[in-house]
Amino acid sequence: MKRNTIIMGMTALLLLMLTACTVYQTNFENVKINYEASDIHKKEDIDAAAKAVFDEFSQFDDAVLYSLTYSGDETSENNIAYCQELLKDKKIVDCVVFKSNFKTSKWAKPAWEPNTEYDWDWYVAKDSNGNWTVATYGYC
């Protein structure tokens with residue numbers, strides 16, 4: 001009986017150690033969103049586009065998102081056609097471009113440099129049904 005308890009305890013400890021090595025960001029409450037002045041996008045539009053980024057970013061292993069900065073009206077308007085090229089199956093009516101800052105953990109997998117900060121762009125498109133979708137991201 002004592003042996004089974006020890007084995008179960010060691011198994012639980014091993015599982016805990018394995019899960020602690022991977023960071024999955026599921027809470028974005030502390031992400032700073034810099035809205036910048038906009039004549040074409042309401043705060044609600046930018047928040048909806050940011051949620052699409054959060055949904056995509058939550059799939060990243062070993063990284064924590066710190067900030068999103070709205071890149072401005074001109075950048076966003078100039079990239080509607082680009083988003084349409086990327087999302088050919090949708091009718092794109094709007095675009096929000098963000099700059100982001102995130103950092104990988106010290107346990108980052110080979111796709112990432114461990115313990116490194118990244119500054120990426122996110123192109124988020126709104127289709128004719130009002131849905132926001134990440135069209136592309138990275139060093140665009």
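Author: Begin with a single residue. This model is predicted. Take threonine 104: beyond four places in sequence, its contacts are Asp62, Ala63, Trp112, Glu113, Pro114, Asn115, Thr116 and Tyr118.

Reader: In which element does threonine 104 sit?

Author: Threonine 104 belongs to strand β3.

Reader: Is threonine 104 buried or exposed?

Author: Compare the relative accessibility with the cut-off: buried means under 20%. Threonine 104 has 3%, so it counts as buried.

Reader: Which backbone atoms does the side chain of threonine 104 reach?

Author: There are two to note. One is the backbone oxygen of glutamate 113, at 2.5 Å. The other is the backbone nitrogen of threonine 116, at 2.9 Å.

Reader: Now the whole chain. Which elements does it have, and how do they run?

Author: The chain has 4 helices and 5 strands. From the N terminus, the order is α-β-α-β-α-α-β-β-β.

Reader: How much of the chain is buried?

Author: Of its 140 residues, 39% count as buried.

Reader: How do I read a nonpolar core? Which residues touch the most other members of the largest one?

Author: Look for the members with the most partners inside the core. The largest nonpolar core has 26 residues, and Phe98, Trp122 and Val124 touch the most other members. Elements giving two or more residues to this core are α2 (43-57), β2 (63-70), β3 (92-104), β4 (117-127) and β5 (132-138). The largest share, 7 residues, comes from α2.

Reader: What does valine 124 contact?

Author: Skip neighbours within four places in sequence. Valine 124 then contacts Ala49, Ala52, Val53, Asp94, Cys95, Val96, Phe98, Trp132, Thr133, Val134 and Ala135.

Reader: Where is cysteine 83 found, and what does it touch?

Author: Cysteine 83 lies in helix α4 (residues 80-86). Not counting residues up to four places away, it touches Ile92, Cys95, Tyr123, Ala125 and Ala135. Its relative accessible area is 0%, so cysteine 83 is buried.

Reader: How far is cysteine 83 from valine 124?

Author: They are 41 residues apart along the chain, yet their C-alpha atoms are separated by 7.7 Å.

Conventions: Residues are numbered from 1 along each chain as its sequence is written. This is a predicted model: local features need pLDDT of at least 70, side-chain atom pairs count only at pLDDT 80 or more; totals for chains, interfaces and linings use all residues. Side-chain values use heavy atoms; hydrogens and water are left out. A nonpolar core is a set of buried Ala, Val, Leu, Ile, Met, Phe, Trp, Tyr and Cys residues joined through side-chain atoms within 4.5 Å. Buried means under 20% relative accessible area, exposed over 50%, partly exposed in between (1.4 Å probe, protein chains only). Contact means heavy atoms within 4.5 Å. A polar contact is a pair of N or O atoms within 3.5 Å; within protein, one must be able to donate a hydrogen and the other to accept it, and residues adjacent in sequence count only if both atoms are side-chain atoms.
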